[in-house]
Amino acid sequence: MDKGRTNQATQMFENLGGILRKFIFSILSIGPVPSHIAFIMDGNRRYAKKQNLIDGDGHRTGFSALMNMLKYCYELGTKHVTVYAFSIDNFKRSPEEVQSIMQLMQEKIEGLIEEESIVNRYGIRVYFLGDLKLLNKPVRLAAERAMGATAKNSKAVLSICIAYTSLDEITHAVQESVEEKCDEIRVLNTSGAGYHHREHLINVTDIEEHMYTAVAPNPDIIIRTSGETRLSNFLLWQSAFCILYSPSVLWPEISVWHLVWAVLDFQRNYSYLEEKKKQA
Amino acid sequence: MSKLLGFKLVIPEDHVVWPSWVVLNTLVAAELVNLSQQVELPAGLRRELMPKHVGLIPDGHRRWAHQRGLSVQQGHSTIGRRLTELTRLCDKWGVQVLTVYGVSTETLTRPKEELDFLVSIFEEWVKSNMEEWARQNIRFSVIGNKSPLPRSIEQVLSEAEVALKANSGLHLMVALGYGGRYEILQACKSVSSKVKDGLIQLQDIDESLFEQELQTKCTKFPSPDLLIRTGGECRVSNFMLWQLAYSEFYFSKTFFPNYGEADFIEALSSFQQRQRRYGGRS
């Protein structure tokens with residue numbers, strides 16, 4: 001009986017929370033709303049330590065926080081969300097921790113495409129961006145299945161950076177751009193058409209097309225939790241003109257208020273950002 | 001030894017044995033200079049935790065000028081003085097590379113009058129400091145695309161780069177006509193050229209090869225350990241995108257015309273307390 005009452009109370013608070021959020025978002029939407037927010041989800045292990053949990057539970061709580069933040073972003077009207085789930089550098093961690101994270105990721109990726117998941121509720125298309133060959137087979141296959149299963153969704157986009165670093169992404173984009181140009185030149189030479197040197201110079205668009213993150217526009221805001229102010233090899237090229245926000249809260253404790261603050265900051269800087277987009 | 005004393009020791013090559021008192025005095029003098037240099041580090045800062053490379057985005061001139069009812073040009077006029085002070089502090093406190101974001105590729109699109117004035121500030125700054133930099137064993141380099149800049153500054157910059165090339169102290173780099181994306185694009189074009197000409201294979205292209213194509217290859221430490229941006233805005237504005245992968249950012253609310261020694265100490269102190277994990281475990 002008590003449990004039933006507790007569930008009812010929780011439901012009531014959630015509903016109230018939802019109504020309050022809707023009200024706040026409707027006010028925020030009077031101004032410009034970011035079309036792409038990226039998150040560096042830092043602080044899971046410190047949270048686990050703080051709460052006397054095992055490391056793995058810090059990451060699990062972090063995952064719940066991620067689901068909440070996704071919900072808030074999509075309710076606000078932000079179409080693109082990118083998250084830094086696992087860096088190539090993170091493979092340097094202890095084998096036990098890497099294994100535990102991989103297992104958690106596989107579990108959560110499979111959960112993403114279930115019927116009642118947030119992905120289907122909000123019509124989210126999911127991408128996994130990075131050097132997926134570095135992942136173990138089960139995780140890679142789960143990622144590919146999730147991408148396939150959500151390919152028809154079109155209301156919003158979730159990009160999960162996994163086995164990713166920005167330097168690796170840029171190098172890979174450079175390699176592909178160079179290969180493409182060399183192939184073009186080879187074809188022209190074989191056909192005897194010759195080419196105008198100037199036409200075949202690589203430009204910014206060529207590089208951007210070959211980035212893993214070409215599926216989304218550049219982020220408007222990058223939020224890194226736990227107070228560290230660094231990008232840690234995340235979206236370096238894409239972050240050229242975006243706002244960086246680094247609240248000291250640990251990732252599992254992030255709330256809608258941090259999002260509201262970030263959006264207000266975005267609105268304050270909006271005219272600058274638009275000017276830079278035109279110049280870039 | 002030369003760096004400590006500030007001049008080269010000339011030891012004659014013949015077999016004269018120097019009087020022991022000369023040798024002793026020289027060693028004592030060197031040690032005193034060394035000690036005085038070490039003592040000059042402000043309280044709370046540790047020499048072994050000084051960032052090797054400091055990047056600086058000097059911002060806030062317009063707002064500073066606006067607050068005082070001054071013109072933007074008057075705001076920009078303060079740049080030289082503040083940069084000179086910061087260069088001296090970096091040199092004194094053992095920073096090995098200081099990169100200053102002078103004029104960005106985006107600034108190049110500003111009205112000609114404003115751009116010319118800004119460029120003239122840097123030209124004057126370089127001209128008036130060359131002698132001191134020569135004395136202080138400071139090396140000077142420019143990164144960026146100098147060709148859109150007025151010819152007069154191109155000449156001043158080249159002279160400074162050549163004259164100070166052999167110095168081995170603080171490496172002062174100024175980014176003029178610079179954009180992080182532009183730099184990466186130029187490196188990409190260079191790599192493409194080399195592949196086309198058969199100098200390198202496509203599969204040779206990796207992070208370290210690519211890094212050698214960037215303009216920052218001219219320095220021993222191409223990546224800033226600490227990036228300071230004054231003026232309160234929290235963004236990198238297309239500065240050293242590749243090189244900032246693991247840099248610690250410090251965003252100061254102080255407008256650059258007001259940014260002095262105390263502010264710099266605050267940034268360094270914050271940096272020295274940070275735990276840099278590079279993605280691994282702490």
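## Across the interface

Chain B and chain A have 2 salt bridges between them in this predicted model. In one salt bridge, the side chains of B:Glu248 and A:Arg230 come together, with N to O at 2.7 Å.

## What chain B brings

Let's look at the side of chain B that touches chain A. At least two residues each come from α8 (180–196), α9 (207–211) and β6 (248–251) of chain B. Of the elements, α8(B) gives the most, supplying 9 residues. Sorted by class, this side of chain B holds 18 nonpolar, 13 charged and 9 polar residues.

## Extent of the contact

Stepping back to both partners, 49 residues of chain A and 40 residues of chain B take part in the contact. Together the two chains bury about 3,900 Å², and 58% of that area is on carbon and sulfur atoms.

## A closer look at B:Thr107

Now for a residue within chain B. You will find B:Thr107 in the loop that runs between β2 (97–104) and α6 (112–135) of chain B. Is this threonine buried or exposed? B:Thr107 is buried, because its relative accessible area is 10%, and the cut-off for buried is under 20%.

As for its neighbours, the side chain of B:Thr107 makes a polar contact of 2.7 Å with the side chain of B:Ser104. Leaving aside residues up to four places away in sequence, B:Thr107 also touches B:Leu115 and B:Leu118.

Note on methods. Residues numbered from 1 in each chain as written. Chains lettered and ligands numbered in written order. Predicted model: local features only at pLDDT ≥ 70, side-chain atom pairs only at ≥ 80, totals over all residues. Heavy atoms only, no water. Contact = heavy atoms within 4.5 Å. Buried area = accessible area lost by both parts, 1.4 Å probe. Salt bridge = Lys/Arg side-chain N within 4 Å of Asp/Glu carboxyl O. Helix = DSSP H or I, 4+ residues; strand = E, 2+ residues; numbered from the N terminus. Nonpolar A, V, L, I, M, F, W, Y, C, P; charged D, E, K, R; others polar. Buried < 20%, exposed > 50% of the residue type's maximum accessible area, 1.4 Å probe, protein only. Polar contact = N/O pair within 3.5 Å; in protein donor to acceptor, adjacent residues only side chain to side chain.
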